[in-house]
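Please open the model in your viewer and keep the selection tool at hand. The stops below can be followed in order.

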Amino acid sequence: MCCLSPCGGAELEVIVVDDGSTDNTAEKVNALAEKDGRIRYVYQDNTGVSAARNHGLDLARGKWVFFVDGDDVVDAEMIRMLIPEVSTIQIIGAMMLENDNGEVLRANSFDHVQGYPEITFFILYATALLKSPCARAYNAEIIRRYNIRFDERVAYGEDLLFNLEYLRHISQIQLTTKPLYHYIKHGNSNSSSRYLNGIAASIDIIAEAAQSFCAHLGIGKDGFRQYCAEDIMYLGLKAISNEFLSEDKHGRYRRVSAILRNTHFRDATRITLRHSTVSGLFKTLMRLGWPPAIYAFYWAAYHKIQPK
């Protein structure tokens, strides 16, 4: 919050939604709020990031909405640079992924790009910028008018779904070259090493939303194949990997088989494998689509045994 204070004037409103923290967050935020009347603190039982963001949207009174995760840092110029002159334009700032020591791990930076819908949609999807709500301003009137909210049913991809819905109601996207948002990756925050409940259930929801959005852009099935199919395939693979991180081993084979039978995953895999860089053995197994062999491949990988 200290990095947000210089970003705006008296009209700035900072809403801190505490999603059931058990540390001294409330004490720290309330102490800041006593000194700065622009800060509002609200507590809710732990119901997840989507519910927390939706709670913030319900409380927001301003014309523009920004999302900032608790540990991240924003540039003092972010708000000024990302609020457009035209309400139906969205400007997306470059983002930096950094570790605890401030070392840059990855940067998304672009030349100034216009030309939405199709070409910018491809850039956004390919660089994962649609999978975050940060480093951009959302028109609060558009959000209210069309009741755009984060989908609390899904455990993975809720940011993408929110952005796809919002983009239906704007006329242009602009991308900036200056890194305005610094995403801090902590040493123990690797989501690929812990189980995430509900990823498999996200496959159908995200695939159908992406297909619908491609139809909205007028690029239809060809656009989906070109821009989105690979992402759906990797979401399915992530869901399979995720099952091997679960402590619930009973029914694991059944759950993995269900993912492999998922129509959206199978179609996306068939499209993507033609040019995928995955290993030859794995590519062959996925083309065959035989659950026992694929299950054995993953089992061996997670038990550090090289498959024969």
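Begin by selecting Phe244, Tyr253, Phe282, Tyr295, Phe297, Tyr298 and Tyr302, which together form one aromatic cluster; here rings of Phe, Tyr and Trp (its six-membered ring) pair if their centres lie within 6.5 Å, with planes under 30 degrees apart counted as stacked, over 60 as edge-to-face and the rest as tilted. This is a predicted model, in which local features need pLDDT of at least 70 and side-chain atom pairs count only at pLDDT 80 or more, while totals for chains, interfaces and linings use all residues. Residues are numbered from 1 along each chain as its sequence is written, and side-chain values use heavy atoms, with hydrogens and water left out.

By the ring rule the count comes to 13 aromatic pairs. For one of them, select Phe67 and Tyr138, whose ring centres are 5.7 Å apart and whose planes stand at 70°, so the pair is edge-to-face. Phe67 lies in the loop between β3 (64–65) and β4 (73–74) and Tyr138 in strand β7 (residues 138–139), so the pair ties together parts that are 71 residues apart in sequence; helices (H or I, at least four residues) and strands (E, at least two) are DSSP runs, numbered from the N terminus. Phe67 counts as buried at 9% relative accessibility, and Tyr138 likewise at 0%, where buried means under 20% relative accessible area, exposed over 50% and partly exposed in between (1.4 Å probe, protein chains only).

Next, select strands β1 (residues 14–19) and β2 (residues 39–44), which pair in the parallel sense over six bridges; strands pair if DSSP finds at least two bridges between them. Within this pairing, Val17 has Val42 in β2 as its bridge partner.

Which residues does Asn262 touch, not counting residues up to four places away in sequence? They are Ile203 and Asp204, with contact meaning heavy atoms within 4.5 Å. Asn262 is found in the loop between α10 (252–261) and α11 (263–272), and at 12% relative accessibility it counts as buried.

Finish with two backbone angles. Most residues other than glycine have a negative phi. Ala135, in the loop between α4 (118–126) and β7, has a positive phi of about 60° and counts as buried at 1% relative accessibility. Asn147, in the loop between α5 (140–145) and α6 (158–167), has a positive phi near 50°, and is exposed, with a relative accessible area of 56%.
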